[in-house]
Amino acid sequence: MANKNVLGLFDNADTAADATDGLMEVGVNQEDFDVLTGSPYPEGAFGEKTPVHHIYVFPLIGALMGLSVAFLLTSGTQIAYPIVTGGKPILSFPAMTIISYEGTLLGAVIFTILGIIFESRLPRARLDPYDPRITEGYIGLLVTCPEERLDAVDQALRRGKAVDVIHEGGRSFRA
Amino acid sequence: MQERVKLTDAQINKDLLRSMEENPLWYWLLVGALGLAVLVAFAAVAYMFNRGLGVTGLNRPVMWGFFITNFVFWIGISHAGVMLSAILRLVQAEWRRPATRAAEVLTVFSLMTAMTMPLIHAGRPWRVMYWVFPLDWARGVYPNVRSALVWDPSAVFTYLTSSILFVFIALIPDIAVARDRTTGWKHVLYSVLALGWRGSVRQWKLQLIAGILLSAVILPIFVSVHSIVSWDFAAAVSVEGWHSTVFAPYFVIGAVHSGVSAVVTVMIILRSMFKWQDYIRLEHLDALAKLLIVVATTWFFFFVLEFLFGLYSLEGPEIRLREMQVFEMPWAAFFVAFLVCSYFIPVPMWLFRSVRRSIPLMIFTTVLVNVGMWLERFIIIVPGLARKQGLTFTWGGYTPSAVEIIIVFATFCMVSMLVLLFAKVFPLIPIGDAKEGVVLEDEIKIGKVKVPAIMRED
């Protein structure tokens, strides 16, 4: 049976953190819920799983690509239009180093940005289930569970003093 | 003691989105007036392109004047931004929160403005493309990568691209706030720009890493950009006063001095315009002024070094140039004005707490710094070219024409207008950052006093 999402909305962080205990009691694992907030909270504040990411690989790949492109562009330019100046070699490495440095960092920045977007699982076409009150300070507990356990999760969220429980495909918020 | 006010998320949203949600008449009048000045400058540029560079005051041997001075000045201002934002993020300075976005936005707009200057100065800007990019395949014209004038666009382009991306990534959570509070076409626009941001644990974690990681990558770019701008001059062996090995750090620290001062000016203006007294507090200005004392003094040290190295060489032309800068009018007047404005008035004033926490005095001193720093660039660039040399038979001085004055004045209007327009579309103080500050702060009792405490994660 397909998994469904359900969002419990809490008006303060302490209640939301307590509600996660109730979710565990009905068999929801750490991997099965996420916390949606309007501002960053200290890691582990809601007992959620620490996300694993590989963001640090992206700038390294970008830097290597940027360096390669800049090196090829500068050396290719000089080889394609060779001007001998003062009997010096055609390829001027000090000058190439400067442009290659910029290329390396530009590649690192562009790939970091792409990495952050990719690792943040963005862009996302639909937010469902979501509630704009999250950016007003409410805390959302987003639970993913099999359809047959939706009622149990709904009840657990309500017992945890959720001010609202929103089901996927129910009252939705279109991005 | 810090003057914090405990604010709710809803209140923070309301306050920081005020610039986007309210439409006061003064705002549009101001934007209109600035826009008019920019339009006049467009007309002046068009006139110059049509008639040629003869309508400027440029004449042999002074072929770099107001436009290049202004280019270096705006590149300098742009350094505030990301430097301030990046260093404060890296060291997790708590007082960074209201300053970072304004600093980053100022970086982007001043860089854009700076880039227009050499294009305008070229007189035929479309031709610039051929010496910057390998585009003219048919005629076999390629950029000369050995020229500092090719290094420069590569550095500025890298810095501009990085700064725009940096601003965008940091804006995503705030765009989501705007998305949640708008309807109609604005909602659609913000929804697209927010990329489907929900504020999950993963997204916030990566947002925090992004700030630090991008800061770490952008800082080396920031250092390289003004170094390379300085090499536009230092790599030229033929002009006394330019060919100096200390130029790169001297330019970089000068850029930080003028840039951080500009950020303070902008922050004070925004605070007054949008009633952000609870966010841009006097303690923030106090901290920035203390930072400026250190930066200004370091800059002054490099200025003395640069001047002394010039004299220490005991080369006739170099010493003649220094004499001209210090004793001959009008250069002497500019020289004294630049030193007084950029160091001898503001720095002693910033030593006093009452000045650091005074809005009018901080505006006065930071604007003064930038008047001085503009003159500094002028004093570096023009006298070196204007000095009489042997075997120079065509001789003209340099007096800026009305066209140049109009264009340079309009660049200030353009940056101001762009910052104001940005404030109409996006929040100029990071909302997520402001809220995080509230989440992490608390008060602890020590003895008989309560002091603010900030929790910090590794």
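**Exercise 1.** In what order do the four strands of the open sheet in chain A stand?

*Solution.* A quick note before we start: this is a predicted model, where local features need pLDDT of at least 70, side-chain atom pairs count only at pLDDT 80 or more, and totals for chains, interfaces and linings use all residues. Residues are numbered from 1 along each chain as its sequence is written, and chains are lettered from A and ligands numbered from 1 in the order in which they are written.

Step 1: read off the order, S2-S3-S1-S4, with antiparallel pairing. Strands here are DSSP E runs of at least two residues, helices are H or I runs of at least four, and both are numbered from the N terminus. Two strands pair if DSSP finds at least two bridges between them.

Step 2: look at the edges. S2(A) and S4(A) (164-167) each have a single partner strand, so one side of each has no neighbour in the sheet.

**Exercise 2.** Find how many bridges join S1(A) and S3(A).

*Solution.* Step 1: take S1 (residues 3-10) and S3 (residues 139-146) of chain A; they pair over eight bridges in the antiparallel sense.

Step 1: pick one residue, A:Gly8, and you'll find its bridge partner in S3(A) is A:Leu141.

**Exercise 3.** Work out which element gives the largest share of the side of chain A that touches chain B.

*Solution.* Step 1: count the contacts (C-beta atoms, placed from the backbone, within 7 Å). Here 50 residues of chain A meet 52 residues of chain B.

Step 1: list elements supplying at least two residues on chain A's side: S2 (33-36), H2 (57-80) and H3 (93-119).

Key:
Two residues are in contact if their C-beta atoms, placed from the backbone, lie within 7 Å.
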